[in-house]
Amino acid sequence: MINVKDFMTPIQEYLQPNQTLHDAIFLMNKYRLNTLPVVDASEKLIGVFTRSVLYQQLLSNEKMQTSIGKFIRKDIGTISEDTSVEELEEQIAVSEVGTGFVVDKTGKPIGVIDKADAIKSFLQKTQLLTEQLKWKSLLQTVIDNSYDGLVMVNEKGNITFVSPSLIELFDLNPHEIEDVPIDSIFPHFELTTVFKTGIAEISDFMEIKGINYIVHRIPVYQEDQIIGAIGKIVYRQLQEVRERFRSYEKLEKQNDVATKKAETSRFTFDEILSHNSQMEKLFRSGMKAAKGKTTIMIRGESGTGKELFAHAIHSASNRKNGPFITVNCAAIPEHLLESEFFGYDEGAFTGAKQKGKAGKFEMADGGTLFLDEVGDMSLQLQAKLLRVLQEREFYRVGGTNRISVDVRIITATHQKLEEMVEGGKFREDLFYRLNVISIEIPPLRKRKEDILQLSHAFISELNKQNGTSIIGWDPVVEQALMEYDWPGNVRELRNVFERAMVFAENGMITLEDLPDYLLKKIGMSIFLEEENENCDKTLLEKAEEMAIKVALKKSDGNKSKACKLLGISRSVLYDKLKKYDDIKIP
Ligand SMILES: Nc1ncnc2c1ncn2[C@@H]1O[C@H](COP(=O)(O)OP(=O)(O)OP(=O)(O)O)[C@@H](O)[C@H]1O
């Protein structure tokens with residue numbers, strides 16, 4: 001706000017009643033003023049001495065040494081230093097005097113305002129207003145086209161503005177919400193909390209009527225006083241940005257394929273997360289084996305990271321700049337596998353593309369061919385594969401030219417190939433050819449120390465991918481993750497996080513966000529059951545029962561071991577087993 005101090009002419013010297021006409025002339029000339037303030041001994045303004053009075057005295061031959069005391073005009077109006085421009089406008093409108101003196105709180109004159117000053121201030125004000133109008137239209141345009149919603153409140157917490165996008169979203173009537181307390185319209189936004197803290201806040205995700213929001217609460221200060229608050233509500237962006245990001249990623253992938261033409265490996269050993277000593281041993285073996293050309297078989301349950309390992313071996317080999325080609329033997333229909341492997345020549349069979357097509361062996365020339373689910377190959381194809389491995393040459397389907405390639409083979413399987421060999425389902429000679437170096441990846445339940453490391457990695461990866469901001473989990477979630485057996489291994493762990501992060505609220509994953517099947521499996525689903533009048537067990541009893549079940553399971557039914565785990569005596573365990581008679585000893 002502009003006030004008189006901003007445009008008055010400051011004054012530091014005054015007249016006192018005992019000073020002379022000569023002194024008055026000197027000061028008038030020095031400050032180019034027509035009216036001089038006259039103060040008493042305490043510098044309080046008591047009147048003014050004007051140029052017209054001076055002229056009158058000079059015309060009546062008054063001596064220059066005459067004191068001005070008797071010529072002072074005392075009926076003057078003063079202007080206090082905190083008078084606003086608007087108040088001054090009113091005073092000037094009714095004033096007959098051309099000059100006004102601005103006084104401080106003690107009544108001491110600190111400045112003078114004449115008509116020229118006033119005009120200058122009004123011009124300044126007009127200029128300011130024009131600027132403000134320009135800003136207003138600019139801001140209005142920004143707000144009207146804003147992607148997010150905006151709501152503003154005054155110092156009482158009453159609504160002063162709601163952006164059109166929010167009005168539309170909440171189907172509000174703009175006239176009915178003006179000057180209404182914000183908490184009665186948008187209680188969830190808790191906008192007035194910043195009045196207490198004075199600090200801008202960014203809230204977590206919240207959901208209201210099925211819409212996800214983030215609210216930014218920003219206090220508005222004037223000097224050091226909070227005069228209101230602004231709520232910036234981000235809602236549309238969340239889903240849309242995610243979708244756009246995905247289609248951008250898809251496009252990028254397509255470009256990648258188009259430019260690179262052949263597949264290359266995507267992972268290195270650094271990206272396989274594990275602190276397990278057995279896994280670390282496998283990394284070392286994998287890196288050594290990568291250097292040669294020997295065939296490698298990677299074994300392990302589904303989802304343990306076999307494919308990841310195959311990529312890493314290729315990346316660590318001297319073929320890393322060559323292609324990495326994958327064939328999932330279980331996913332390709334039997335009758336197409338042969339042409340997938342070896343390609344086909346022009347006119348090889350009806351429907352074949354005119355020009356023929358290279359098979360995966362040719363595509364992998366100079367690189368690695370990864371045969372996933374190798375146990376699913378038919379005996380007929382096994383024979384053909386064996387021949388290629390022995391001779392390093394083959395024919396395309398329908399072709400007559402021998403093709404020789406330089407390919408390193410890595411296979412993977414979750415099946416017990418030895419049993420398949422015994423049962424006549426897998427060729428023994430092929431098995432030995434493929435199983436020259438064998439890498440057996442342990443299941444996740446045998447390297448539980450990896451669970452937390454992987455979980456942290458999945459949270460940060462999925463936060464980036466999905467635009468969420470999950471920061472952690474309840475301690476009981478960690479207990480559940482460690483308790484569960486993970487038959488689907490790392491893939492299942494990743495899926496569980498992908499799901500939990502969708503349901504998590506306030507940035508934390510809770511027990512509720514884990515899938516029911518998992519909670520049931522480890523006996524934790526009881527904690528989530530609705531309060532049931534027929535259930536007479538307290539939460540503590542449920543926890544006790546679960547702890548006993550877990551201890552018995554961990555100790556394979558050995559009661560002494562279970563007591564140790566539980567920290568209770570044998571007799572207490574027996575009492576509890578009587579109490580919870582549905583506990584089955586494994
Ligand atoms: N140690 C690990 N560190 C990080 N991610 C891992 C790890 N192990 C597995 N993954 C991830 O788990 C998922 C499954 O891994 P992958 O496909 O390599 O398993 P697989 O054993 O080949 O499974 P399947 O036998 O079903 O083909 C992938 O998303 C992979 O990136």
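Me: Which domains give residues to the shell around the ligand?
Reply: Domain 3 (269–442) and domain 4 (450–579) both do, so the ligand lies between them. Keep in mind that this is a predicted model.

Me: Which residues come nearest to the ligand?
Reply: S302, G305, K306, E307 and V490. They belong to a set of 18 residues around the ligand.

Me: And which helices each supply at least two residues of that shell?
Reply: Helix α11 (306–316) is one, and α19 (489–503) is another.

Me: What's the shell like by class?
Reply: There are 6 nonpolar, 7 polar and 5 charged residues around the ligand.

Me: Switching to helix packing. What describes a packed pair?
Reply: The angle between the two axes, plus the distance between those axes.

Me: OK, at what angle do α1 and α2 pack, and how far apart are their axes?
Reply: About 135 degrees, with the axes 11 Å apart. Here α1 covers residues 21–31 and α2 covers residues 51–59. The two helices are therefore oblique to each other.

Me: Is the crossing of α1 and α2 left-handed or right-handed?
Reply: Left-handed.

Me: Which residues make the contact?
Reply: From α1, L21, A24, I25 and M28. From α2, R51, L54 and Q57. By class, the α1 contact with α2 has 5 nonpolar, 1 polar and 1 charged.

Me: Now α21 and α22. How do their axes cross?
Reply: At roughly 130 degrees, coming within 8 Å. Helix α21 runs over residues 539–554 and helix α22 over residues 559–566.

Me: Which hand is the crossing?
Reply: For α21 and α22, right-handed.

Me: What makes that contact?
Reply: A547, I548, A551, L552 and K554 on α21 meet A562, L565 and L566 on α22. That contact has 7 nonpolar residues, no polar ones and 1 charged.

Definitions and conventions. Residues numbered from 1 in each chain as written. Predicted model: local features only at pLDDT ≥ 70, side-chain atom pairs only at ≥ 80, totals over all residues. Near = placed C-beta within 6 Å. Helix = DSSP H or I, 4+ residues; strand = E, 2+ residues; numbered from the N terminus. Nonpolar A, V, L, I, M, F, W, Y, C, P; charged D, E, K, R; others polar. Domains from an automatic or database assignment. Axes fitted to C-alpha atoms, helices over the stretch in contact; angles between N-to-C directions. Parallel < 35°, antiparallel > 145°, perpendicular 65-115°, else oblique. Left-handed = near helix turned anticlockwise from the far one by under 90°. Contact = placed C-beta atoms within 7 Å.
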